[in-house]
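Hello,

Here is the structure I promised to pass on to you.

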Amino acid sequence: MNDKYITIISDASVMAARQKGRELAMAVGIAGSDLTLLATAISEIARNIVQYAGQGQIEFHYVIRGSKRGLMVIARDNGPGIADIRQAMQDGFSTSRGMGLGLPGARRLMDDFDIVSEIGKGTTISMTKWEY
Amino acid sequence: MKVPILKQGDFLIASIQGALTDTDLTSLQENLVSAVRKNRSKGVVVDVTVLDVMDSFAARTLRSISLMTRLMGANLVIVGIQPDVAFAMVQLGLKLEGTMTGLDLESGIAMLKAADQKQERGHNER
């Protein structure tokens, strides 16, 4: 299986990433509202990259667990990092002018969600949507 | 993708034709606000039927447009939010508080007409 990635540098690439994610998810059998949930989550984390890190990339990997297939989305950037992840994962917390829904919202939209961040080094978010 | 703004009587209709970037949304905001002023519009319908994603930026921008047009005396109705999109918005925690929403273009126009008549009556009774 070919893994794919999209370089995130602008709001146009945010759109490209969510469209690519939807397309690849359909190929592994993810359907219906799950596609919309996935695309929305990708949009939120891709925008975070543009807003906080300036640039980064989003990779897509096909994954299998038992009899289920899924799409894993990994967002990486070398931006400033997140000082307090617990705080950043709370609804309504934002260091910019946003609504503070991006990270906690993306976690709710996906099935699996993991975030690793180091100050001055960057942030990596791994999140997966499984077929129903 | 640029969003065309059509004039229909006292109302404007902004009919989104495809996926929008943040830049597209920001220009929709500028264009709609200036079109309301130029046309002395009493109401605006924003048709989002084709949108397959409404993320936090899109929701925030639409809400801002709604607040701005109201300050200029025009009501705004967002129509055509798809069931899957509504589901994702709720999961994400997005609200369009204070913004009128309708099922489709037809109900959006009907809501604007009803709001307009109510305001007219209010004026006459005073």
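Of the 132 residues in chain A, 40% are buried (20 or more other C-beta atoms, placed from the backbone, lie within 10 Å of the residue's own; 12 or fewer counts as exposed, and in between as partly exposed). This is a predicted model, in which local features need pLDDT of at least 70 and side-chain atom pairs count only at pLDDT 80 or more, while totals for chains, interfaces and linings use all residues. Residues are numbered from 1 along each chain as its sequence is written, and chains are lettered from A and ligands numbered from 1 in the order in which they are written.

Chain A has four helices and five strands, counted as DSSP runs from the N terminus (H or I, at least four residues, for helices; E, at least two, for strands). Their order along the sequence is β-α-α-β-β-α-α-β-β.

One helix to look at is α2 of chain A, residues 33-53. From first C-alpha to last, α2(A) reaches 30 Å, close to the 30 Å expected for its 21 residues (1.5 Å times one less than the number of residues). Mostly covered, α2(A) has 17 of its 21 residues buried. Just after α2(A) comes A:Gly54, with a positive phi of about 85°.

As for confidence, chain B averages a pLDDT of 94 (the predictor's confidence in each residue, from 0 to 100). Within chain B, the lowest mean is 89, in helix α4 (residues 105-125), and the highest is 98, in strand β3 (residues 43-47). The model scores ipTM 0.89 and pTM 0.91.

Best wishes
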